[in-house]
Amino acid sequence: MILTILTLIFIFTLGIKIILNSSVLVANFFEKKNNQNLNQKTEDDFYGSLEVNNIPTATNEASIIIEGSVVNYDRIFFYINDKKIDELEIFGNDNFLKEISGLKEGDNKVYLIGETKDKKHSKKTSIYNVFYKSTKPKLEIETPQDHSIVSTDEILIKGSTDKEVFVRINDLPIVVDANGNFQTSIKLKEGENKIKIEAIDIASNQEIKNLTVIYQKE
């Protein structure tokens with residue numbers, strides 16, 4: 001009984017103090033570590049700069065050209081989807097132009113990291129999304145048929161393409177709905193009429209169909 005009482009007295013006096021002191025030491029350690037990281041980040045922020053001035057948001061090739069500027073960093077590393085794929089040495093403060101390759105079909109994450117020779121300072125750019133698509137968009141014409149002969153001076157052009165595709169008919173933009181359908185009417189001149197229909201996606205892939213429609217008055 002006496003031993004139990006002494007143990008309880010120890011826990012509620014010296015034991016609590018030990019626990020509190022240990023908690024304070026741990027908290028101070030992590031606070032110091034966080035302050036070091038914050039100071040390092042702040043120092044890197046003010047040490048130099050790494051800016052991307054031009055990068056495409058979509059492309060139909062597996063490579064892109066990146067333009068930018070750098071101050072106080074000696075080497076730039078280029079990353080695609082978290083994989084380092086290229087690097088560039090910089091001499092002093094300068095603008096840079098670099099072609100990198102290795103994009104996969106679909107969405108890609110691209111970013112750059114600048115670093116000093118002694119590796120004491122580094123800076124990462126924002127992450128840029130680059131969409132890569134190498135195939136042409138669908139372009140189907142429901143009406144008119146190629147080389148059709150009509151007796152009216154106006155004809156309906158109706159067709160479909162992929163979603164989020166831009167359509168032009170004889171260089172004039174045409175409204176495309178959310179499902180990729182489009183239609184419009186155009187005037188015809190007497191005789192042979194050439195109709196050029198273009199479908200262009202966000203990656204600049206292009207599909208073209210040329211139709212000939214003959215207008216003969218009754």
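Student: Where does pLDDT stay under 50?
Tutor: Over residues 16–21. This is a predicted model, and for that stretch it has one contact beyond four places in sequence.

Student: What should I do with coordinates where pLDDT is low?
Tutor: Where pLDDT is low, the predicted coordinates should not be read in detail.

Student: Which elements have the lowest and highest confidence in the chain?
Tutor: Helix H1, residues 2–47, is lowest with a mean of 52. Strand E9, residues 128–132, is highest at 98.

Student: And what is the mean pLDDT of the chain?
Tutor: The mean is 86, and 78% of the residues reach 70 or more.

Student: Switching to the sheet of three strands: what is the order?
Tutor: The order is E1-E3-E6, in an open sheet with antiparallel pairing. Strands E1 (49–54) and E6 (94–101) stand at the edges with a single partner strand each, so one side of each has no neighbour in the sheet. From one strand to the next, the twist averages 30°.

Student: How many bridges pair E1 and E3?
Tutor: Five, in the antiparallel sense, with E3 covering residues 63–71. As an example, Leu50 has Val70 in E3 as its bridge partner.

Student: OK, salt bridges. How many are in the whole structure?
Tutor: A search finds eleven. One of them joins Arg75 and Glu89, with the closest N and O atoms 3.6 Å apart. Arg75 is in strand E4 (residues 75–80) and Glu89 in strand E5 (residues 83–89), so the pair ties together parts that are 14 residues apart in sequence.

Student: Is Glu89 buried, partly exposed or exposed?
Tutor: Partly exposed, at a relative accessible area of 46%.

Student: What does Lys98 form a salt bridge with?
Tutor: Asp86, with the closest N and O atoms 3.4 Å apart. That pair links strand E6, which holds Lys98, to strand E5, which holds Asp86, across twelve residues. Lys98 counts as buried because its relative accessibility is 17%, under the 20% cut-off. Asp86 is partly exposed at 26%.

Student: And which residue does Asp201 meet in a salt bridge?
Tutor: Lys133, at 2.9 Å from N to O. Asp201 sits in the loop between strands E16 (191–200) and E17 (206–215), while Lys133 is in the loop between E9 and strand E10 (139–143), 68 residues apart. Asp201 counts as buried at 8% relative accessibility, and Lys133 also counts as buried, at 18%.

Conventions: Residues numbered from 1 in each chain as written. Predicted model: local features only at pLDDT ≥ 70, side-chain atom pairs only at ≥ 80, totals over all residues. Heavy atoms only, no water. Pairing = 2+ DSSP bridges. Helix = DSSP H or I, 4+ residues; strand = E, 2+ residues; numbered from the N terminus. Axes fitted to C-alpha atoms, helices over the stretch in contact; angles between N-to-C directions. pLDDT = per-residue confidence, 0-100. Contact = heavy atoms within 4.5 Å. Salt bridge = Lys/Arg side-chain N within 4 Å of Asp/Glu carboxyl O. Buried < 20%, exposed > 50% of the residue type's maximum accessible area, 1.4 Å probe, protein only.
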